[in-house]
Amino acid sequence: YLDEGGARPAREALAVLYFGNQADPNITEYVVGPLPTPVYHRDVTVQKYGGKVPYHRRPMLGSEYKQLGVFLETVAFAAAPTFLKEVFEYDRTNVAFQTTVPHGFQSGDRVTWFVLFQNVSGFFVHPVGLEVLVDHSSLDISQWAVSRVFYNGQYYRDMVHLESAYVQGRISVEKVRKAPWDGDFSSMKPRAPAAALFPVQYEPQGPRYSVRNNHVLFQAWSFAFGMSVSTGLRLFDIRHKGERVAYEISVQEALSVYGSNCPGGMSTRYMDGSFGLGRYTSPLVRGVDCPYLATYVDTHSLSESLRPRKGKASLCIFEQNLGSPLRRHYSNLQSLYYGGLVNSALVVRSIATVGNYDYVWDFIFYQNGAMEGKVQATGYPKLTFLHGDGLRYGNRLWEHTLGTIHTHFVNYKVDLDVGGVKNSLVAHDMAFEMTRAPWSPEQQIERPRLTKKVLDTEDQAAFRLQSKMPRYIYFAANSKNKWGHQRGYRIQITSFAGDHIPEASSMERAISWARYQLAVTRRKEEEPTSTSIYNQNDPWTPTVTFADFINNETITNEDLVAWITAGFLHIPHSEDIPNTVTVGNSVGFLLRPYNYYDLDPSIYSHDGVFFTSQQDFTACEINPLACLPKTASCLPNFPPFTYDGF
């Protein structure tokens, strides 16, 4: 359809259904179409997974969380009334819960630690020291039970055991000071009054990009955007100067692995796609989350409902002057001139708030044909109760609060089509060689030279997380530029990742994409994603195992996909209170043209500035910057502030 004028494919949806109330409970997936008025559906579960998906792998629904909340209040807590009243002043409203995942240690388990906090603003940083392990594997709620209880460093069989030990005076009680409703130190309310307004960006002559439905045009760029309920922001058919660079660029997963000496913390491995990076995309605040005059787009998701949910203003698009030159040169040798180009780029952004963390997802398009995928992490860190040898696992952040060490890993799918669908993977790097100076043979010169290698197989193209990777690695086309070089797009990764979980771990295969900073495989319809929403609740028998994608197939002159992992190690520190900042917590990748063009395409930008010592650089026709006092002297009409997030 895109390349050869074929018929437009039918628009279809994937419907995930839970069949619980039957002899063989299972999850079944259907493809439904055509949209917007479906007339057919077909079961694709066996085709995708080789059989029905076991029911215990299902992501938890809001109804299950609600039932667990009722169980904790009416069954678990009812067994320890004296302890809860005297230690926490418990009144059924002043505690909050946070769940942990995965749910147990083996396939079929659905046993979850619930960590208790004071129910105040920013409760994530107010642990009280109590954690309760609930076995909710049975589909009969009356069979649910407390399997273990943890309080202030000690384990108890259940809440009855905890209550008995407390009444008998055999518990070391650590009273936590009651926090006010605003959370005190966890409050995000500014501690200073408003003062002079911060700088605001605006477009003197209106936006220089267009958004029509989900299609965006910006200078030489065009692309379509979408929002997956599970994986969030994704782009399709990305073109520069009319030629496709990539068919799909999408977020695949966000993973966090925690350490602690509390059970809930030490067993936590969040795979946020299971919860829904698109589902939890949050409404954006004009002027903070995005520039005030950005274009704001509503997104829609359907989950646990028969009606879609509209996320008002949950995606934004804007052109941003980065305040620095994309390129420049000042010449004061021989000829006197200045030439430069402002670095103004288009940004597509969404922000997902999954529990305590906020992930700012950006795709950025530059005038030189480069494109960037970036994620910035902010929000509240997930913390645990400080006790015993807690400082082995992080820093003390408040009186009873331990900032627990954890890793962040983000996986992207980058389906490049460089100069056509068929590409090869090529590595360029450097090596020093020793040579004699031709004009002075008795002298030695160490000179860097270019090294070149074609990576022929998937095994050669799978680079382990902490291994050395060629510094120039690119998708090469079957065509050449004017200078005889294969046209290419280079992959450049920005990452400060911590270590991957040991491969001996029983659940490692479920997150085996995180073994690799980069893996390039053949593109296959049956390998659309690096993971599955079902991997979170049964990582011991993963529904999708990325490591199996890499099977040494040849990747020379094939349709290829790059799977990119970026991440950072987070050791929370006192400046993470009340919130983690985005500065320094930003990772991602760049796609940069490498001999793709005959020269830098940004030389054709209308934003270029050039003048010599012989020219009148105060004249508009010579220097467009000279016109700014006239063309940009009037502020635009700013629309009134609105917000639909509550």
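Leaving aside its neighbours within four places in sequence, which residues is L518 in contact with? In this predicted model, L518 is in contact with A461, A462, F463, M469, I473, I491, I493, A562, W563 and I564.

**Nonpolar cores**

- The largest nonpolar core has 65 residues, and L518 is among those with the most contacts inside it, together with W361, F365, Y412 and I491.
- Strand β14, which covers residues 243–258, gives the most to this core, contributing six residues.
- Another core lies apart from the largest one and has 29 residues, among them F71, F83, V87 and V132.
- As general background, nonpolar side chains tend to be buried together in soluble globular proteins.

**Domain 2 and domain 3**

- Between domain 2 and domain 3 an area of about 2600 Å² is buried, of which carbon and sulfur atoms give 59%.
- Across this interface the rule finds zero salt bridges, whereas it finds eleven residue pairs in polar contact.

**A buried loop residue**

- S230 has its place in the loop between β12 (221–228) and β13 (232–240), and there S230 counts as buried because its relative accessible area is 17%, which falls under the cut-off of 20%.
- Not counting residues up to four places away in sequence, S230 touches G273, G276, L277, G278 and I533.

**Backbone features**

- The peptide bond from G33 to P34 is cis, with omega near -15°, and P34 is placed in the loop between β2 (26–33) and β3 (40–43).
- V101 and P102 are also joined by a cis peptide bond, with omega about 0°, and P102 lies in the loop between β5 and β6.
- E89, although not a glycine, has a positive phi of about 50°; E89 is found in the loop between α3 (81–88) and β5 and is partly exposed, at 44% relative accessibility.
- A313 has a positive phi near 50° as a residue other than glycine; A313 lies in strand β17, residues 309–333, and is partly exposed, with a relative accessible area of 21%.

Conventions:
Residues are numbered from 1 along each chain as its sequence is written. This is a predicted model: local features need pLDDT of at least 70, side-chain atom pairs count only at pLDDT 80 or more; totals for chains, interfaces and linings use all residues. Side-chain values use heavy atoms; hydrogens and water are left out. A nonpolar core is a set of buried Ala, Val, Leu, Ile, Met, Phe, Trp, Tyr and Cys residues joined through side-chain atoms within 4.5 Å. Buried means under 20% relative accessible area, exposed over 50%, partly exposed in between (1.4 Å probe, protein chains only). Helices (H or I, at least four residues) and strands (E, at least two) are DSSP runs, numbered from the N terminus. Contact means heavy atoms within 4.5 Å. Buried area is the accessible area (1.4 Å probe) that two parts lose on being put together, summed over both. A salt bridge is a side-chain nitrogen of Lys or Arg within 4 Å of a carboxyl oxygen of Asp or Glu. A polar contact is a pair of N or O atoms within 3.5 Å; within protein, one must be able to donate a hydrogen and the other to accept it, and residues adjacent in sequence count only if both atoms are side-chain atoms.
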